Amino acid sequence: FHRADRALLILGDAGSGKTTLLITLARELIRVAQSDPEQPIPVIFNLVSWAEKRQSINDWIVEELTAKYQIPQALGQQWLAEDDLVLLLDGLDEVPLLHRAACVTALNQFRQQQGLTGIVISSRRKAYEALTTHLYLGGAYLLQPLTVDQIDTYLTAAGEQLAVLRVAVQCHPTLHELAQTPLMLHVLSVAYWQTKTVPD
């Protein structure tokens, strides 16, 4: 985030951990802000709500601050004007396709006006790459599928509870493919664990 001049794009496939990464970054930025009141405040919004009115990003942020965090509009406007926020914007790919390019244009206009405001935007990789208009940011971070070693380490850490699932993932290509995203690996683990704990 800092190496990208606090303007970062996070790309990945479905279930790859984009939202989780945004939340992790938010927690770290909150920790920093708690120890230094001069640091900006991180806020998380889902870009799909922008498509409802398709207004400027400034106006949308002020409205979202009021709706989601009960921040008075005057204070929200002040925070934006003084670069007191870090915007963590999830789900560019969830903006309807009809309005997605306009959303990117609005975000780029916001960046031209508010270049010092920290911003992170997440999107599914294919949806972003299909756009003809792209974001002007300092860098991009691509979430890769989990490796064989990462999957094995995760399942091994659970011990005997997931030993059979671990072997199944190693032996069955379909299960292995599913397990390559953190979300599906978690779902497989929970589903298998629940079948083992259901009473007869």
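**Exercise 1.** Which side chain meets Glu129 in a salt bridge?

*Solution.* The model is predicted: local features need pLDDT of at least 70, side-chain atom pairs count only at pLDDT 80 or more, and totals for chains, interfaces and linings use all residues. Residues are numbered from 1 along each chain as its sequence is written, and side-chain values use heavy atoms, without hydrogens and water.

Step 1. A salt bridge requires a side-chain nitrogen of Lys or Arg within 4 Å of a carboxyl oxygen of Asp or Glu.
Step 2. The partner of Glu129 is Arg125, at 2.9 Å from N to O.
Step 3. Both residues lie in helix H6 (residues 125-129), 4 residues apart, about one turn of the helix. Helices are DSSP runs of H or I with at least four residues, strands are E runs of at least two, and numbering starts at the N terminus.

**Exercise 2.** State whether Glu64 and Lys68 are buried, partly exposed or exposed.

*Solution.* Step 1. Buried means under 20% relative accessible area, exposed over 50%, and partly exposed in between (1.4 Å probe, protein chains only).
Step 2. Glu64, at 8%, is buried; Lys68, at 47%, is partly exposed.
Step 3. Their side chains form a salt bridge of 2.8 Å, N to O.

**Exercise 3.** Describe the charge surroundings and contacts of Arg100.

*Solution.* Step 1. Arg100 belongs to helix H5 (residues 97-113).
Step 2. Arg100 is buried but has no salt bridge; Asp93, the nearest side chain of opposite charge, is 6.5 Å away. Lys and Arg count as positive, Asp and Glu as negative; His and chain ends are not counted.
Step 3. Beyond neighbours within four places in sequence, Arg100 contacts (heavy atoms within 4.5 Å) Leu92, Asp93, Val95, Ala127 and Leu131.
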